[in-house]
Amino acid sequence: MTILNRLQNRMKTRVAILCGIGLMAMNPAIAQNGPPPAVVEIAEASTEVMAPQVFMPGTVVSRNDSRIAAEIAGRVMSVVPEGTAVQKGDVIAEIDNRNLKLQLERNKSQIKRLEARIRFLEADLKRVKELAETNHTPVSRVDEAQSQLDMTKEELAQAKLNLDQTRVDLDRTKVRAPFPGRVVERLAQAGEYSAPGREIVRLVDTSHLEVSAQAPVNLASVLSDNQRVALRQGGSFSDATIRALIPVGDAVSRTMEIRVEVPEGAAFVVGAAVQIGLPSSAPEQVVAVPRDALVLRREGTYVFRVKEDNTAERLTVRTGAANGALVAVVGNISNGDRVVIRGGERLRSGQQVKLRDEVTTSR
């Protein structure tokens with residue numbers, strides 16, 4: 001039985017080889033041209049002015065991160081819970097306002113009393129003036145009535161100011177958000193007593209973010225406001241702009257702070273760690289390719305160049321400076337060379353390629 005099984009296995013192997021030879025004879029393209037053309041996307045290498053980069057650690061921060069405090073004294077009635085999203089002007093905490101409501105009514109009552117007294121004094125001044133014209137009362141009596149009227153009007157003005165102040169304090173019992181954001185921490189609880197300056201909540205604007213980083217002071221000559229830089233988080237890159245360069249160095253660390261705008265739509269979280277690609281020297285002219293053209297392997301980094309006969313040629317390169325989506329490369333590559341940016345993962349040197357746009361057009 002063992003010898004018979006061996007003979008059967010040999011026969012199966014020979015049949016498989018003969019079938020393969022037959023298929024290659026029936027399809028010369030497979031025998032002569034190898035695998036079918038790979039569908040790829042290409043871009044052109046270009047000459048750019050770039051500078052070598054150094055990546056510095058940075059932290060995502062909010063432009064508005066505040067600990068909102070109370071402005072008046074009183075018992076805390078309510079505080080919104082953590083995680084609540086609020087808009088500018090929304091109430092985030094309330095303080096007991098009963099005493100201020102009573103004070104508001106007293107202010108209004110005082111104003112009414114003074115207005116009534118002013119009406120009486122105006123009428124009394126009119127009568128005194130008529131008597132003074134007929135010499136039935138001394139002139140000093142007129143001056144006295146005028147003085148009382150003027151002082152009462154000033155008291156009325158002061159009472160109206162007190163009313164306005166009470167209204168302001170009453171409005172301050174509602175602690176409002178000075179900007180849109182999220183409540184990330186409650187620093188006071190309902191039932192606690194609040195005094196002016198007592199922190200109630202921490203509010204963070206999660207929509208307007210930027211990156212704070214420390215750069216060596218010796219890079220000040222190659223950095224400037226509104227300069228384009230690269231942000232790297234993990235393996236992803238994005239373009240960004242220096243919002244502000246603070247040219248004041250620390251005497252100990254010899255670094256200065258820079259603030260970089262977060263790209264619109266980027267999914268960054270406050271406190272996240274990122275890296276900022278900064279130029280380390282003056283820019284120079286280099287040949288650059290899109291970042292997607294780089295194929296990273298253990299043996300090195302390379303790109304696939306598409307030759308005139310639409311075959312792929314593998315070129316080993318060394319990467320240099322980067323500017324957004326472009327990376328400088330050093331190797332046997334020139335300005336205008338066509339390089340593969342999509343479909344190069346399984347591409348082999350010498351393999352025929354077909355451009356994706358040509359495939360789409362033919363369909």
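Mentor: What follows is a talk through strands, a helix, some backbone angles and salt bridges in this predicted model.

Trainee: Which strands close into a barrel, and in what order?
Mentor: There are 6 of them, in the order E3-E12-E15-E14-E13-E16, and the pairing is antiparallel. Ignoring direction, neighbouring strands of that sheet are turned by 40° against each other on average.

Trainee: How many bridges join E13 to E14?
Mentor: E13, residues 228–233, is joined to E14 by 6 bridges, and the two run antiparallel. One place to look is Arg228, which stands opposite Thr241 in E14.

Trainee: And what happens in the hairpin of E13 and E14?
Mentor: The hairpin has 2 residues between the strands, and Gly234 takes a positive phi near 70° there.

Trainee: What about E14 and E15, how do they pair?
Mentor: They pair in the antiparallel sense over 4 bridges. Ile242 has Val260 in E15 as its bridge partner.

Trainee: Is Arg254 buried or exposed?
Mentor: Exposed, because its relative accessible area is 53% and the cut-off for exposed is over 50%.

Trainee: What is the phi of Asn310?
Mentor: Asn310 has a positive phi of about 60°, and it is not a glycine either. Asn310 sits in the loop between strand E19 (300–306) and strand E20 (312–323). Its relative accessibility is 21%, so Asn310 counts as partly exposed.

Trainee: Changing topic. Where does E5 pair?
Mentor: E5, residues 74–79, is joined to strand E10 (residues 193–194) by 2 bridges, running antiparallel. In that pairing Gly74 has Ser194 as its bridge partner. E5 also pairs with strand E7 (residues 91–95), in the antiparallel sense over 3 bridges. There, Ser78 stands opposite Glu94.

Trainee: Now helices. How many residues does H4 have, and how far does it reach?
Mentor: H4 has 34 residues and reaches 50 Å from its first C-alpha to its last, close to the 50 Å expected at 1.5 Å a residue.

Trainee: Which residues of H4 are buried?
Mentor: Among them are Val142, Ala145, Leu149, Leu156 and Leu163. The buried set also includes Thr152, Thr166 and Asp169.

Trainee: What covers them?
Mentor: The cover includes helix H3 (98–133) and strand E8 (174–176).

Trainee: And Asn162, where is that?
Mentor: Asn162 lies in H4, residues 139–172. At 30% relative accessibility, Asn162 counts as partly exposed. The C-alpha atoms of Asn162 and Gln110 are separated by 10.0 Å, and the two residues are 52 apart along the chain.

Trainee: On to charges. How many salt bridges does the count come to?
Mentor: The count comes to 21 salt bridges. One of them joins Arg63 and Glu210, with the closest N and O atoms 3.3 Å apart.

Trainee: What does that pair tie together?
Mentor: Arg63 lies in the loop between strand E3 (53–62) and strand E4 (65–69), and Glu210 lies in strand E12 (residues 209–216), so the pair ties together parts that are 147 residues apart in sequence.

Trainee: Which of the two is buried?
Mentor: Glu210 counts as buried at 2% relative accessibility. Arg63 is partly exposed, with a relative accessible area of 40%.

Trainee: Which residues are linked with Arg63 and Glu210 in a network?
Mentor: Arg243, Glu257, Arg259 and Glu261 are linked with those two in a network of salt bridges.

Trainee: What about Arg305, which residue does it meet?
Mentor: The side chain of Arg305 meets that of Asp337 in a salt bridge, at 3.0 Å from N to O. Arg305 lies in strand E19 and Asp337 in the loop between strand E21 (326–330) and strand E22 (338–342), so the pair ties together parts that are 32 residues apart in sequence.

Trainee: Are Arg305 and Asp337 buried or exposed?
Mentor: Arg305 is buried, with a relative accessible area of 14%. Asp337 is buried too, at 17%.

Trainee: And Asp96, what does it pair with?
Mentor: Asp96 forms a salt bridge with Arg98, the closest N and O atoms being 2.9 Å apart. Arg98 is exposed, with a relative accessible area of 53%.

Note on methods: Residues are numbered from 1 along each chain as its sequence is written. This is a predicted model: local features need pLDDT of at least 70, side-chain atom pairs count only at pLDDT 80 or more; totals for chains, interfaces and linings use all residues. Side-chain values use heavy atoms; hydrogens and water are left out. Buried means under 20% relative accessible area, exposed over 50%, partly exposed in between (1.4 Å probe, protein chains only). Two strands pair if DSSP finds at least two bridges between them. Axes are lines fitted to C-alpha atoms, for helices over the stretch in contact, and angles run from 0 to 180 degrees between N-to-C directions. The expected span of a helix is 1.5 Å times one less than its number of residues. Contact means heavy atoms within 4.5 Å. A salt bridge is a side-chain nitrogen of Lys or Arg within 4 Å of a carboxyl oxygen of Asp or Glu.
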